[in-house]
Amino acid sequence: MLVSRGCSISEMSFRPTTKFGFATQNMTYFTYSREAILDILEVNHIGEDDEIVLPNYLCSTVIESILPVTKKIIFYDINSHLMHKQSDITKLLTDKTKLIMFVDYFGVETQLERSLQVQLENQDIIVVKDSAHAFLSVVNNSFHKNYNYDYLITSVYKNLPFQAGSIAIGNFGQRADFVSLYIVLKRFAVLAIKNTICILGLQRFFTEKVCEMSISNAIKINRSNGFNIASLYKAILFRIDWVRVAAEKKVLTQQFNSFFFGRPTFRPIFTREQIEMSVLQDYPLYFDSQTERDRMWKLLIDNSIDAYTWPTFHRINCNDKLWNKVLVLPLNKKVLKVLQSV
Ligand SMILES: Cc1ncc(COP(=O)(O)O)c(C=O)c1O
């Protein structure tokens with residue numbers, strides 16, 4: 001596939017068995033993780049007076065899911081290693097704080113200091129581990145809890161070429177699994193159009209403004225509808241050979257490490273140790289300057305590689321300090337081929 005993120009179908013391994021380690025957990029299936037967020041707010045009776053604490057490096061869809069319920073969103077800082085500082089968070093927690101989210105960026109799981117966990121427990125704050133990007137890491141670690149959380153959400157489709165599907169753990173009341181066929185088909189159709197544009201070499205006509213930071217327009221986050229394919233979705237997931245998928249990703253990541261560590265104008269965002277403990281979704285770099293970042297970005301886009309800056313910000317939260325210098329590379333061999341040839 002030209003522009004799909006995550007591994008391609010041909011790289012995914014299936015095995016003829018219904019044995020699957022991770023499926024023994026109490027999981028609920030959604031079309032998107034944003035729908036799980038809507039349910040978390042509802043099940044926990046979060047209202048307009050409650051405060052929600054979020055990282056300030058975050059996709060607009062998460063904020064849009066919360067805003068109709070409460071406008072009291074407080075942001076904690078994320079640094080250029082995509083980590084938080086415990087003291088920043090501690091200062092923000094009040095007796096109105098109802099929920100806090102920790103994001104596992106690009107596959108690397110966040111660690112939480114013990115004293116912060118104790119404070120969150122004492123204040124009865126709902127902890128959400130947002131592993132939207134880290135599905136393969138949490139599967140590879142058999143959903144091992146490295147800190148205490150009430151909810152885990154993870155978007156399968158950001159790691160595998162399924163185009164939709166999210167798994168969440170935690171109390172969702174009586175909510176039944178639901179994955180929408182309509183959304184899956186719609187997203188496959190969009191992907192087909194994008195690939196056609198790339199095949200025809202027309203992508204440069206659509207990427208003129210690619211280096212401008214994008215701020216999302218307000219969108220209402222709805223629960224998806226249509227024909228429910230949750231059972232089919234699970235049947236496919238349970239047959240994937242996760243060990244092999246993770247191993248292949250790790251080999252590729254090693255090749256990226258060899259190429260990207262020790263360069264003068266940028267650095268991989270994560271340390272070798274963090275990378276080794278994870279199965280990366282994508283490979284983020286941090287540049288000394290925006291000019292250098294944009295140079296590499298344009299080169300990759302011109303070669304039909306879907307490198308991206310992340311995220312699309314919300315108007316109430318624009319962390320341009322990070323956005324200006326981050327480039328996220330899809331983990332595929334073509335990236336290395338293109339960059340090695342210049
Ligand atoms: C960190 C994070 N959490 C949650 C979401 C929402 O995930 P989904 O697209 O499955 O609704 C996103 C979306 O990009 C995200 O980046």
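Q: Which strands does helix H10 lie across?
A: In this predicted model, helix H10 (residues 290-302) lies across E8, E9 and E10. Its direction makes an angle of about 25 degrees with E10.

Q: What is the order of the strands in the sheet that holds E8, E9 and E10?
A: Strands of a sheet are joined by backbone hydrogen bonds and pair either parallel or antiparallel. Here the three strands form an open sheet in the order E8-E9-E10, and the pairing is antiparallel. Strand E8 (266-268) and strand E10 (326-330) are the edge strands, each pairing on one side only. From one strand to the next, the twist averages 30 degrees.

Q: How many bridges do E9 and E10 pair over?
A: Strand E9 (residues 282-287) pairs with E10 over five bridges, in the antiparallel sense.

Q: Do strands E4 and E5 run parallel or antiparallel?
A: They run parallel, and five bridges join strand E4 (residues 97-103) to strand E5 (residues 126-130). For Phe102, the bridge partner in E5 is Lys129.

Q: Which residues come nearest to the ligand?
A: There are 13 residues around the ligand, and those that come nearest are Tyr32, Ser33, Arg34, Ala132 and Ser155. Two elements give two or more residues to this shell: helix H1 (33-43) and helix H2 (60-66). Sorted by class, the shell has six nonpolar, five polar and two charged residues.

Q: Where is the cis peptide bond that ends at Pro311?
A: The omega angle tells how a peptide bond is set. The bond from Trp310 to Pro311 is cis, with omega near -5 degrees. Pro311 lies in the loop between H10 and helix H11 (320-323).

Q: What is the phi value of His45, and where is His45 found?
A: Phi of His45 is near 55 degrees, a positive value in a residue other than glycine. His45 is found in the loop between H1 and strand E2 (51-55). Because the cut-off for exposed is 12 or fewer C-beta neighbours, His45, with 9 inside 10 Å, counts as exposed.

Q: Is Ser142 buried or exposed?
A: Ser142 has 11 C-beta neighbours inside 10 Å and so counts as exposed. It sits in the loop between helix H5 (135-140) and E6. Phi of Ser142 is near 50 degrees, again a positive value in a residue other than glycine.

Q: How many helices and strands does the protein chain have?
A: The secondary structure comes to twelve helices and ten strands. The radius of gyration is 20 Å, close to the 20 Å that the globule rule gives for 342 residues, so the chain is as compact as a globular protein of that length. Along the principal axes, the C-alpha atoms fill a box of roughly 55 × 45 × 35 Å. Of the 342 residues, 37% count as buried.

How values were computed
Residues are numbered from 1 along each chain as its sequence is written. This is a predicted model: local features need pLDDT of at least 70, side-chain atom pairs count only at pLDDT 80 or more; totals for chains, interfaces and linings use all residues. A residue is near a molecule or strand if its C-beta atom, placed from the backbone, lies within 6 Å of it. Helices (H or I, at least four residues) and strands (E, at least two) are DSSP runs, numbered from the N terminus. Ala, Val, Leu, Ile, Met, Phe, Trp, Tyr, Cys and Pro count as nonpolar, Asp, Glu, Lys and Arg as charged, and the others, Gly among them, as polar. Two strands pair if DSSP finds at least two bridges between them. Axes are lines fitted to C-alpha atoms, for helices over the stretch in contact, and angles run from 0 to 180 degrees between N-to-C directions. Two residues are in contact if their C-beta atoms, placed from the backbone, lie within 7 Å. The radius of gyration is taken over C-alpha atoms; the globule rule is 2.2 Å times the number of residues to the power 0.38. A residue is buried if 20 or more other C-beta atoms lie within 10 Å of its own, exposed if 12 or fewer, and partly exposed in between; C-beta atoms are placed from the backbone.
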